[in-house]
Amino acid sequence: MRIQRFFSRSFVHFAVITIAFLWTLPTVGVLVSSFRPENDVKTSGWWNALKHPFEESVWTFKNYSDVINANGIGEAFVNTLVVTIPATILPITVAAFAAYAFAWMKFPGRDWLFAMVIGLMVVPLQVALIPILRLYTQTGIAGTFLGLWLAHTGFGLPLAIYLLYNYISQLPADLIESAKIDGASDFTAFMKIVLPLSTPAIASFAIFQFLWIWNDLLVSLVFLGTNKVLTVKLSELTGSLGNKWHLLTAGAFVSMVVPLAVFFALQRYFVRGLLAGSVKG
Amino acid sequence: MSSQPQTSTNTEPRSRNNVGLAQMLLVPLALLISILVGRWSLGVMKDAEAPRLLVVGVALLVGVFGIWIAYWLCNELLNLIPSETLREKIRPIIFVGPALALLIIYLVYPTVMTAYYSVLDKNSEAFVGLDNYTFAFKNRTIQIALRNNLYWIVGVTTFSVVGGLIMAVLFDKVRYESVAKSMIFLPMIISFVGAGVIWRFMYASNPPGVGLLNAFIGNFDYKPVAWLINKSVNNISLIVIMIWLQTGFCLVILSAALKAIPADIIDAARVDGAGELDIFWRIIIPSLKTTILTVVTTVVIAVLKVFDIVFVMTNGNYETEVIANRMFTEFFRNQNYGLSSALTMILVIAVLPVMIINVRNARRQRG
């Protein structure tokens, strides 16, 4: 019995470690490659670098400095920040006000409108591409950051409202009622009570939305013209620099730095966000 | 929904009934200033000649703070209305109005328009009935795309859900669970484009010696395979990337549900002599049924719209086309708006059942 137990435990450890190792291997490969000199990257597999890890000629930072300066990845990084920060804050703000109204205010058509929000959660954003691009060309905001923020806000709203509503509607009714009896308006109740208490839900959604926009290719490709974001730039490099493998690796890692930092710093909220709303359109 | 704001009480503070003179003057002034600043910053952002740093600075300030000022101003303007009943009737509009406006502009209106464009010709000029749809179903490339979408849905959903489930059960048994889990769901934070670059190094066949997979099979004396070009494997190669990205999601959700199963049920089964497999099939699977369904739905919807991976890896060549990529090509490159819209509508129709079920569930919960 004991021997059998030992074997099954070893099997579990073996399986877990193998799976985790295999899953990480592709990423590690590119991370290692990104620090190898151009010629090495193009002629031998990345695992060869690990055979002589202490030889200086095996490692270099040149790929990073090249890709950031000469290939416009540095500029794309700034553009991505400019796109991502407002496009995260806007939907949260708009959704928080709406979620409060759906949870604590009475107005005609409320239930129908909320059902519409739920329905819109799964609509593929592809539907928006042609009509919105036409609309943008007519109004002259095609290719601006503003146009892109608003588009991301629109696409992120259904999920944002749904997640924040689930949280805000569960807050104790007494809190909000007593504030009102003390003379607070809905606006004050929202700003002073509901918003501070909703920080966990807001944080979860913020991470979600942030990563989603940071990693988005399609929406930026269609709406952002000349100010290229990281994903667009990187996908161009994959095409035009088909033979410059060494630059691709460094470019890929530059694009991952921020998501990685967010992930490691706020993993708890990230998981909570995933658990709270798993249907995204 | 348990309580509603009280709209007519006599506890209303005096300050809101008698609008102060200062407020009467300051709020319109603030409004005027915001409109001017707003117009100016819009001009800066549209101006291609403006210095980059200025554009970036203005963009961040407007994007981050502008929205809060806008809500605050609207609310203050509303407070200028003397009649309280009217005020409280209008207030919900300030709260939900912007959200509804955005939803209508960015999702409702486009859906209607896309449906409309899908029955018009290439340039959205003449009515062509269902021609775009019949063309789509007869066209060889699009037939391949439809077939591939099916492969993707079956392949990715099966492997990422089953994989996620097996991992959830296995990882639950070790003490370093959280580290192992992080390693599996790390790919989730990587963009599809980044994942594309990563997997290029796995699949590389040219230059020789660079690709890990070919080096690996080389150990067993197999010849290198062009994983992304060879038509018998390339779809699988692409699908594997998506499985790699999605399994973490399934793992996280399923693992949380697994931990919610009361431990005494499993312990009791063990005491009664149930083996690990019995526990898995008779306790774990039935308890996770609804969660599995949710995960499956989410993955199917995500896979249905898959675009980025195909776009950066093969751009649909060598019979790896999928609907979303075809839609993009018809729209962006061929400017065939009719066909492109019809392809989008195929995606919309495919998610329709999920939409209906979601709305139904939500209404039941609230009712």
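In this predicted model, the contact between the two chains draws on 113 residues from chain B and 124 residues from chain A. Together, chain B and chain A bury about 10800 Å² between them, and 77% of that area lies on carbon and sulfur atoms.

**What chain B brings to the contact**

- Three residues, Phe95(B), Tyr106(B) and Ile189(B), supply 8% of the area that chain B buries against chain A, which is more than any other three residues supply.
- Helix H4 of chain B, covering residues 84-117, gives the most to the side of chain B that touches chain A, with 20 residues.
- Sorted by class, the side of chain B that touches chain A is made of 79 nonpolar, 23 polar and 11 charged residues.

**Polar pairs across the interface**

- Between chain B and chain A the count of salt bridges is 0.
- Polar contacts do occur, however, and 10 residue pairs are found in polar contact across the interface of chain B and chain A, counting pairs in which both residues have pLDDT 80 or more.

**Cysteines**

- Over all chains, the structure holds 0 disulfides.
- Cys250(B) has a relative accessible area of 0%, and it is therefore buried, because buried means under 20% relative accessible area.
- Cys74(B) counts as partly exposed because its relative accessibility is 38%, a value in between the limits of 20% for buried and 50% for exposed.

Notes: Residues numbered from 1 in each chain as written. Chains lettered and ligands numbered in written order. Predicted model: local features only at pLDDT ≥ 70, side-chain atom pairs only at ≥ 80, totals over all residues. Heavy atoms only, no water. Contact = heavy atoms within 4.5 Å. Buried area = accessible area lost by both parts, 1.4 Å probe. Salt bridge = Lys/Arg side-chain N within 4 Å of Asp/Glu carboxyl O. Polar contact = N/O pair within 3.5 Å; in protein donor to acceptor, adjacent residues only side chain to side chain. Helix = DSSP H or I, 4+ residues; strand = E, 2+ residues; numbered from the N terminus. Nonpolar A, V, L, I, M, F, W, Y, C, P; charged D, E, K, R; others polar. Disulfide = S-S within 2.5 Å. Buried < 20%, exposed > 50% of the residue type's maximum accessible area, 1.4 Å probe, protein only.
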